[in-house]
Amino acid sequence: MSSGSMIGVFTSQEDVLAAVRRLRHEGLVIADVQTPYAVHGLDQAAGLRRTRLGWVTGIVGLSAAVAMLGFQTWVSAAAWPINVGGKPFASTPAFVPVMFEVGVLAGGLATVLALFVVCRLYPGKQPSLVHPRVTDDRFVVLIEVPVIKGPTIKGPGAGPDRALAASICRAHNAIEVSTDGVEEVADAA
Amino acid sequence: MADLALAGSASTATTAPISTAPTSTASSAANRSLRPPLIAGGKTPSEVTADICQPLERRATPLWWAAFLPSLALLLVGVAAVTYQIRTGIGTWGLNKTVGWAFDITNFVFWVGIGHAGTLISAVLFLLRQRWRTSVNRAAEAMTLFAVMCAGLFPIIHMGRPWLAFWMLPYPNARGSLWVNFRSPLLWDVFAVSVYFTISLVFWYLGLVPDLATLRDRLQKGFKQRLYAFASLGWNGSLKTWQRYEMVYLLLAGLATPLVLSVHSIVSFDFATSVLPGWHTTILPPYFVAGAIFSGMSMVLTLMIIARVTMRLKAYLTDNHIDAMAKIVLVTSMMVGFAYATEFFTALYSGNEYERFAFLNRALGPFAWSYWIMVSCNVLTPQLFWWRRMRRSLPVVFVASILINIGMWFERFVIIVISLSRDFLPSSWAGYTPTWIEIATLVGSFGLFFTCFLLFCRFLPMIAMAEVKGVLSS
């Protein structure tokens, strides 16, 4: 982890939500929040933009459906037309079920693959956890604080932002605040 | 998880999906006073992790072996029967020129129907913001997968040469290219069932990823830990990942909802697009979909009651869960009963003598016993669920859920065998008796289903931990 970050560890979703709001209000940069489950409203509190993954579903699903309709028409009317009880070769209503199914299949698979790609999730990846219990019951805020070069009053790198962030976290019942970098805390826990 | 759409409750349903926290806090406070908690016993998130992971971390209990070994034995019976019939030919079945579909297609429709409840719980109830679903969705989705696997086997075995099953797919070949017939409902079935299986599998796996990460971080070392680590895709619960994940979950639920309605509609087209009296009706698609959800929800009840008792999950599968599912069973039973009455009335009122005969023959003909098993199990038994005490009595719900599944199996038998055995020409009328091979194949499919389900309970968290933790505070 970058030396310019610090973490606050919380035990409840209400606390982490309030702390993130406060931190952002004070102009601090939230690098990440790792939580055991999706905390409702946290994405807005941290100022995340709405994801555009829905476009993948729509575009891939619709194109696959249209392509499948074309393929069925080509197969049934051009490549090998078979007269079945005098029905028209390009019998479009009969092609709707397969068109729909293939559209759903392509849209669904493309959406999940897109999720894995944009979130860089792949089998066997080493997870980067800021705290060993984030997949159990801990809510951890990772705050980016600018490193101030040279000596300051409080010591090297300890700018006013660090103290502010730490006090906000403590005010919201953080059970652990680390201003010394992430790895040490992860080891200690 | 799932809070994106499940935020708050019905009281916030009118606001945007992502509301601000003060609203959601206020609504969850209101919930607390109005509704009993979804999870009993005031569990904390770490207790949820411990409760659900523990069965996976200790050795299998004698009770598990007592269930697993008989299931495996049934599966082996099925394997032996299928091997014999493939070696000898499907002449080993009791089919004849008139009744060309019987046990095989009955079993196929039965198993596909069972699968529908899983998708209903994971997708439809998700969109309807029914937060109690979090306790049952994982197991119900697993049930869907195993049921669709069982379903897929029957048409493939029925082909007689299962190694040529790939001929059902449209691929360029050296025969012309000779393509598949896209106008055939049987081909629509191939697409519907395989897409349904694939999307259900992806949906289920996506839901598992955060829980696999929890297991990975809990176990620390060992072979199992490495497997969980491999499959958990480096999940770290990062905010951006959760946000995208929830959107994808919502999109998949949106896709799976019309999909689940389409699958059993397409299965019903196998019958509805033919000209046979008793099959050739427009009511079949909604009737089949309602029946599928009805039978599937009963199977979920059977499995959940067993799980609650044997795996000590009473805090997660509360009386309220059983009650809610029993209500869905009651509603779908009424739909199915209404469909039985409608098709009977339509046939009698139609003035078409073949239709009229087909339905009178169902109720009064040589297979009348199967018709009345169907009516008593599917329409009469669920009437018990009008009473709250009955919906909350585990023995009553358990027995009723099994009776309903027997009834739903007979529903497909009635539709398929009775209609086929008496068609337009009396000279082609015939009876049907299943052979031991067919019965053994059906038994084997139950063996496959329960073997897979028990292995799932043993190696994967059967309750979605990340979702349950999200509804603890409400």
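I began at Val20(A), which touches Ile30(A), Val33(A), Leu42(A), Ala45(A), Ala46(A) and Val141(A), leaving aside residues up to four places away in sequence. I count a contact when C-beta atoms, placed from the backbone, lie within 7 Å.

The model is predicted: local features need pLDDT of at least 70, side-chain atom pairs count only at pLDDT 80 or more, and totals for chains, interfaces and linings use all residues. Residues are numbered from 1 along each chain as its sequence is written, chains are lettered from A and ligands numbered from 1 in the order in which they are written.

Buried means 20 or more other C-beta atoms within 10 Å of the residue's own; exposed means 12 or fewer, partly exposed in between. The core has 186 residues, and those touching the most other members include Val20(A), Val141(A) and Val300(B). Helix 9 of chain B gives the most to this core, 19 residues. Domain 1 (5-50 + 128-188) and domain 2 (53-118) of chain A both contribute, so the core lies between them. The domain bounds come from an automatic or database assignment.

**Strand 1 of chain A.** Helices (H or I, at least four residues) and strands (E, at least two) are DSSP runs, numbered from the N terminus. Six of the six residues of strand 1 (residues 5-10) are buried, so the strand is largely enclosed by the rest of the structure. Ser5(A), Ile7(A) and Val9(A) point one way, Met6(A), Gly8(A) and Phe10(A) the other. I pair strands when DSSP finds at least two bridges between them. Strand 1 pairs antiparallel with strand 3 (residues 139-144) of chain A over six bridges. There, Gly8(A) stands opposite Val141(A). Three bridges join strand 1 to strand 4 (residues 176-178) of chain A, also antiparallel. Val9(A) has Glu176(A) as its bridge partner in strand 4.

**Chain B.** I found 17 helices and zero strands in chain B. Buried residues make up 50% of its 474 residues. Among its contacts between residues at least 6 apart in sequence, 80% join residues at least 24 apart.

**Interface.** I then checked where the chains meet: 58 residues of chain B are in contact with 60 residues of chain A. Helix 9 of chain B supplies the largest share of the chain B side, 16 residues.

Terms used
Two residues are in contact if their C-beta atoms, placed from the backbone, lie within 7 Å. A nonpolar core is a set of buried Ala, Val, Leu, Ile, Met, Phe, Trp, Tyr and Cys residues joined through C-beta atoms within 7 Å.
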